[in-house]
Amino acid sequence: MFEHIEAFPGDPILSLNEDFQQDPRTSKVNLSIGIYFDDEGRLPVMQAVAEAEAALLADMGPRPYLPMSGMVGYRQAVQALVFGEDSAARAEGRIATLQTLGGSGALRVGADFLRRYFPRAKMWISDPSWENHRVVFERAGFQVESYPYYDAETGGLKFDAMVAALEAIPQGDVVLLHACCHNPTGVDLNEDQWRQVIGVLKARKLLPFVDMAYQGFGTGLDDDAFAVRELARQNVPALVANSFSKNFSLYGERCGGLSVICQSADEAGRVLGQLTGAVRANYSNPPTHGARVVARVLTTPALRKNWEAELAAMCQRIARMRQAIHDQLQAHVSGEKLSRYIKQRGMFTYTGLSAGQVDRLRNEHGVYILRSGRMCVAGLNDSNVGIVANAIGVVLKG
Ligand code: LMR
């Protein structure tokens with residue numbers, strides 16, 4: 001029956017992370033997966049999360065199925081965080097938001113919804129993009145194309161080429177955009193560039209699907225949501241996937257959201273209904289625990305304040321590690337190529353290392369980064385940054 005099933009080739013991120021766990025070397029360094037580790041190399045439990053959990057445990061109660069669209073209080077808190085407390089679109093009830101299984105679940109539910117109602121649309125992702133974007137959308141039935149984004153020479157954005165490509169995309173197609181902390185390159189648009197891109201999306205009647213998995217890891221919770229809020233302000237129909245995996249350090253709880261900016265409250269109600277139908281067809285309804293924790297932190301002023309401070313401290317540590325790897329690599333890499341370690345934002349830096357060099361880093365030095373050259377700088381710490389810089393220096397020598 002199953003003879004024709006070929007072996008799974010593995011996932012370029014998750015399988016590599018699993019390989020790392022199996023690696024017996026004690027000096028190994030995991031810079032593969034997009035996970036924030038603290039300066040001791042531990043996955044942190046945020047204090048605000050621990051306090052919210054303690055309060056919830058004291059009053060656990062029964063756990064019936066959640067509604068298919070998720071917990072009401074969580075959905076409202078997601079909307080406020082993503083679109084801002086003062087969002088007019090929110091006040092007018094024009095945003096449909098549902099709880100999803102992390103950001104990936106939001107992408108998948110959104111993809112199913114779009115395939116059903118826009119069956120001829122193609123999906124356009126940046127070149128490069130998060131490795132799983134193509135997989136999610138192709139498995140949902142989309143033809144996936146790409147638009148220029150990263151300039152390997154400068155370590156920055158190919159903005160003119162990106163805009164020219166967007167201008168040529170057929171009307172009605174869907175364009176996947178990263179709100180902030182672009183994965184895998186760490187290269188973002190500035191506010192003027194976002195306004196220009198939104199102008200093109202509107203003029204070409206393209207449908208933006210914004211992935212915001214790293215809100216708070218760029219320049220701050222509000223600034224990182226600039227593109228999303230500008231789309232809502234300009235009343236542009238759009239889908240937005242967000243995640244609390246990284247900014248709450250709640251990876252395994254699968255807490256995310258999918259929001260759709262609509263033209264009226266009535267339309268938002270119908271869109272929410274059909275998204276709910278897609279949830280029912282996939283997994284019926286989402287789990288309770290993580291959503292309760294996130295909603296409690298976001299809506300309890302003291303916890304919220306602590307959470308924001310903890311998140312800001314994580315970002316400061318990442319910035320310090322960017323500077324540290326930059327400084328330690330000075331002996332091995334020319335200045336022009338080095339500046340990208342500092343300029344790129346969020347958890348990732350696109351090192352420019354080849355797949356062969358990445359393999360050597362792993363095999364000879366126990367340093368794991370993605371074969372695309374993506375390094376998760378949030379995995380660096382004071383104890384391993386020297387090891388990583390030396391290893392890179394060795395493989396660069398050839
Ligand atoms: C990553 O890009 O490493 C993370 O988003 C984890 C994942 O699921 O790929």
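**Reading single residues and the whole chain**

Reply: Arg254 has a relative accessible area of 32% and is therefore partly exposed; the class lies between buried, under 20%, and exposed, over 50%. Please keep in mind that this is a predicted model.

Me: Where is Arg254 found?

Reply: Arg254 belongs to the loop that runs between strand 9 and strand 10. Its backbone deserves attention as well: phi is positive, about 55°, although Arg254 is not a glycine.

Me: Is Cys181 buried or exposed?

Reply: Cys181 has a relative accessible area of 2% and so counts as buried. Its phi is also positive, near 50°, and Cys181 is likewise a residue other than glycine. Cys181 sits in the loop between strand 7 and helix 8.

Me: Which peptide bond to Pro184 is cis, and what is its omega?

Reply: To read such a bond, one looks at the omega angle. The bond joining Asn183 and Pro184 is cis, with omega about 25°. Pro184 lies in the loop between strand 7 (174-178) and helix 8 (191-203). A cis bond also runs from Asp127 to Pro128, where omega is near 0°. Pro128 is placed in the loop between strand 3 (123-127) and helix 6 (131-139).

Me: How many aromatic pairs are counted?

Reply: Ring centres must lie within 6.5 Å to form a pair. The count comes to nine aromatic pairs. One of them is formed by Phe20 and Tyr368, which are edge-to-face, with 5.1 Å from centre to centre and 90° between the planes. This pair links distant parts of the chain: Phe20 is in helix 1 (residues 14-22) and Tyr368 in strand 12 (residues 367-368), 348 residues apart. Phe20 and Tyr368 are both buried.

Me: How is the pair of Tyr74 and Phe244 arranged?

Reply: The rings of Tyr74 and Phe244 are edge-to-face, 5.9 Å centre to centre with 75° between the planes. Tyr74 lies in helix 3 (residues 72-83) and Phe244 in the loop between strand 9 (238-243) and strand 10 (255-261), so the pair ties together parts 170 residues apart in sequence. Tyr74 and Phe244 are both buried. Tyr74 and Phe244 also belong to one aromatic cluster with Phe248 and Trp307.

Me: With which residues is Thr288 in contact, apart from its neighbours within four places in sequence?

Reply: Those residues are Arg63, Pro64 and Leu66. Thr288 itself lies in the loop between helix 10 (265-282) and helix 11 (289-299). With 13% relative accessibility, Thr288 counts as buried.

Me: How many helices and strands are there in the chain?

Reply: The chain contains 16 helices and 13 strands. Its radius of gyration is 21 Å, close to the 21 Å from the globule rule for 398 residues, so the chain is as compact as a globular protein of that length. Of these 398 residues, 55% count as buried. Sequence separation gives a further view: among contacts between residues at least 6 apart in sequence, 75% join residues at least 24 apart.

Me: What can be said of the surface and the charges of the chain?

Reply: The chain exposes about 17300 Å², of which carbon and sulfur atoms supply 52%. There are 41 positive and 43 negative side chains, and the centres of the two sets lie 3 Å apart.

Key:
Residues numbered from 1 in each chain as written. Predicted model: local features only at pLDDT ≥ 70, side-chain atom pairs only at ≥ 80, totals over all residues. Heavy atoms only, no water. Helix = DSSP H or I, 4+ residues; strand = E, 2+ residues; numbered from the N terminus. Rg over C-alpha atoms; globule rule 2.2 N^0.38 Å. Buried < 20%, exposed > 50% of the residue type's maximum accessible area, 1.4 Å probe, protein only. Contact = heavy atoms within 4.5 Å. Areas by Shrake-Rupley, 256 points an atom, 1.4 Å probe, with all protein chains shown as cover. Lys, Arg positive; Asp, Glu negative; His and termini not counted. Charge placed at Lys NZ, Arg CZ, Asp CG, Glu CD. Phe/Tyr/Trp six-rings, centres within 6.5 Å; stacked < 30°, edge-to-face > 60°.
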